[in-house]
Amino acid sequence: MAPKSDSGKLVAENRRARFNYEIEDTIEAGIMLTGSEVKSLRSGKANIAESYASNEGGELFLINAHIAEYKGAAREGHAPTRHRKLLLHRKEMARLLGAIQREGMALVPLRLYFNARGLAKLQLGLGRGKKVYDKRETQKKRDWERQKGRLMREKG
């Protein structure tokens, strides 16, 4: 089989996730998609900013992720925000579900991309929600790093 031209292609990224959550662990999960969803992802039409992963009947599902309808799929289209099953090993899923139930953590989608083999993957972050003062501290650190970089460029 010929190598995929889109290998390692980033489709969507949730940039607010690291600001709103303190990510403690990341994990890569497969995602069950229909043909029209894959075509739409290859053209880069996806948004995972407001999505989350949830336990439904002992399985993990990606909820509220928007993958735009593919125009070329006349009959076999898909609902843009349908629940999509996440594919994980049973032990990984049990560990994640335990952390969600016991420790009050959340599973937040960080990145949606195609791996080197051309398969759609979702990077999930296991994290705790930040408080307002934590968010302010993160903003202060980011501003200081930006200011420091400017000063170093001006001097050098």
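Pro109 stands opposite Leu124 in β9. This is a predicted model, and the account below begins with that strand before turning to the helices.

### The strands around β9

β8 and β9 pair in the antiparallel sense, with 8 bridges between them. On the hairpin that these two strands form, 5 residues lie between the strands, and Gly118 has a positive phi near 90°. β9 also pairs with strand β2 (residues 21-31), again in the antiparallel sense and over 9 bridges. In that pairing, Ile27 is the residue opposite Leu124 in β9. Leu124 therefore has Pro109 opposite it and Ile27 opposite it, under the rule that two strands pair if DSSP finds at least two bridges between them. Of the 10 residues of β9, 8 are buried, so the strand is largely enclosed by the rest of the structure.

### Helix α2

Helix α2 covers residues 35-42, and its buried residues are Ser36, Glu37, Ser40 and Leu41. These residues cover an arc of only 140° around the axis, which puts them on the same side of α2. An α-helix has 3.6 residues a turn, so residues three or four places apart point the same way. The partners of this buried set are strands: β1 (10-13), β3 (46-47), β6 (66-67), β7 (84-87), β8 (106-114) and β9 (120-129). After α2 comes Gly44, with a positive phi near 80°.

### Helix α3

Helix α3 runs over residues 90-103. At 1.5 Å a residue, its 14 residues should span 20 Å, and the end C-alpha atoms are 19 Å apart, which agrees. Its buried residues are Met93, Leu96, Leu97, Gly98 and Ala99. They are covered by elements that include β2, β4 (52-56), β5 (59-63), β8 and β9. Just after α3, Gly104 has a positive phi of about 65°.

### Charges over rings

Which residues lie over the faces of Phe114 and Tyr113? The table lists them with their distances from the ring centre.

| Residue | Ring | Distance from the ring centre |
|---|---|---|
| Arg42 | Phe114 | 4.1 Å |
| Arg111 | Tyr113 | 4.7 Å |

The count of aromatic pairs comes to 0.

### Two asparagines

Asn64 has a positive phi, near 70°, although this residue is not a glycine. Most residues other than glycine have a negative phi, and most peptide bonds are trans. Asn64 is placed in the loop between β5 and β6. With 36% relative accessibility, Asn64 counts as partly exposed.

Asn20 is located in helix α1 (residues 17-20). Its relative accessible area is 24%, and Asn20 is partly exposed. Setting aside residues up to four places away in sequence, Asn20 touches Arg128, Gly129, Lys130 and Lys135. How far apart are Asn20 and Glu145 in sequence and in space? They are separated by 125 residues in sequence and by 19 Å in space, C-alpha to C-alpha.

Notes: Residues are numbered from 1 along each chain as its sequence is written. This is a predicted model: local features need pLDDT of at least 70, side-chain atom pairs count only at pLDDT 80 or more; totals for chains, interfaces and linings use all residues. Side-chain values use heavy atoms; hydrogens and water are left out. Buried means under 20% relative accessible area, exposed over 50%, partly exposed in between (1.4 Å probe, protein chains only). Helices (H or I, at least four residues) and strands (E, at least two) are DSSP runs, numbered from the N terminus. The arc is that of the directions from the helix axis to the C-beta atoms. Contact means heavy atoms within 4.5 Å. The expected span of a helix is 1.5 Å times one less than its number of residues. Rings of Phe, Tyr and Trp (its six-membered ring) pair if their centres lie within 6.5 Å; planes under 30 degrees apart count as stacked, over 60 as edge-to-face and the rest as tilted. A charge sits over a ring if NZ of Lys or CZ of Arg is within 6 Å of the ring centre and within 35 degrees of the ring normal.
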